[in-house]
Amino acid sequence: MDQQNLTARVTEFVLLGLTQNHQLKNFLFMFFFIVYVTTWLGNFTIIITVIADHRLHTPMYFLLANLAFLDVSDSSVNAPNLLSGLLSKYKTISFNDCILQMFFFHFIGGAMFFFLAGMAIDRYVAICKPLRYLIIMNRGVCVGLVALAWLGGFVHSAVQIGLLLQLPFCGPNILDNFYCDVPQVIKLACTDTHLVELQMVFNGGVLLIILFIFLLISYAIILVKIRSHVMEGKHKALSTCGTQIIVVCLLFIPSIFIYARPFKKFPLDKAASVFFTVISQMLNPMIYTLRNAEMKKAIRRLVSRMLFSQRKTKT
């Protein structure tokens, strides 16, 4: 029997979800529904504020708005499956839909990790080359960084899914998770997956570690530069870099835990998955708006304009 026929045998996967405890499911549904709505509201507030306020038409806020768009897109891949799974005993997903979900998850997630490297470059230029910042980080460069991030995410995802589709799936179809992901799906293949797992770990986990080290070194250099050379706006520069370091750690550490090791099941896997697929996308806008005085002022100006326009319309 050839590989194509073996693959065709499995037509759907069964997702067991986060828990089988009915009472806990109800609580978790309400909690994650609030998280999902908050994610949309927070990130769209950032996007609309950056677009509407001309004072935020700078490279940093252009990149911040793109990060918010990535957060909304990333959370929308898996959060709806998480919520629907909490309303039923278990959830089924077709083989093709499972593959598509994994593709978009790694596509958008990969783009986000590459994009954070682009934001580190922006901060480096802003701190180390302040007089030439707007010249170096012009519109074309910013758009180029965004495009390269999406391209990097696409290549990463295409390689992951390409390796996965080479495997035959002919037997077990139960996934002990709330979404389809490579570490769980590959274990259901009807063949030895050791070599493919190593290739996927290199394409995913090792890449994450390299990017994480690059980011830590970049921000270390930036922080040293701020402490030793920057005199004006030192507090603002430290606050901005501190914010981005927090975001980087929140995304990279759980992701490295999942993808930078052999695909074996660990008790903390679900918790780590929930954190980098649902929670971090909600925390990002909170971290940026709470630690960024300029963004908070811009949001207040936007709200004031909206309230004023409503009053003017009524009168």
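Modeller: By class, the lining of the largest cavity has 9 nonpolar, 9 polar and 1 charged residues. Here Ala, Val, Leu, Ile, Met, Phe, Trp, Tyr, Cys and Pro count as nonpolar, Asp, Glu, Lys and Arg as charged, and the others, Gly among them, as polar. This is a predicted model, in which totals for linings use all residues. Residues are numbered from 1 along each chain as its sequence is written.

Colleague: How many cavities of 30 Å³ or more are there?

Modeller: The structure holds 2 of them. A cavity is a set of points on a 1 Å grid over the protein atoms alone where a 1.4 Å probe fits but cannot get out, and lining residues have an atom within 4 Å of a point.

Colleague: How much space lies in the largest cavity?

Modeller: About 220 Å³, taken as the space filled by probe spheres set on the points, which are joined across faces, edges and corners.

Colleague: Which residues lie nearest its centre?

Modeller: Among the 19 lining residues, these are G109, G110, F113, H156 and L208.

Colleague: Which helix gives the most to that lining?

Modeller: That is α4, with 6 residues; helices are DSSP runs (H or I, at least four residues) numbered from the N terminus. At least two lining residues each come from α4 (95–128), α6 (139–165), α8 (194–228), α9 (234–259) and α10 (269–291).

Colleague: Turning to the second largest cavity, what lines it?

Modeller: Its lining has 14 residues, with G17, N81, G85, L86 and F178 nearest the centre. The space in this second largest cavity is about 70 Å³. Helix α3 (residues 59–86) gives the most to its lining, with 4 residues.

Note on methods. This is a predicted model: local features need pLDDT of at least 70, side-chain atom pairs count only at pLDDT 80 or more; totals for chains, interfaces and linings use all residues. Side-chain values use heavy atoms; hydrogens and water are left out. On a 1 Å grid over the protein atoms alone, a cavity is a set of points where a 1.4 Å probe fits but cannot get out, and a pocket is an open set with protein on both sides within 12 Å along at least five of seven lines; lining residues have an atom within 4 Å of a point.
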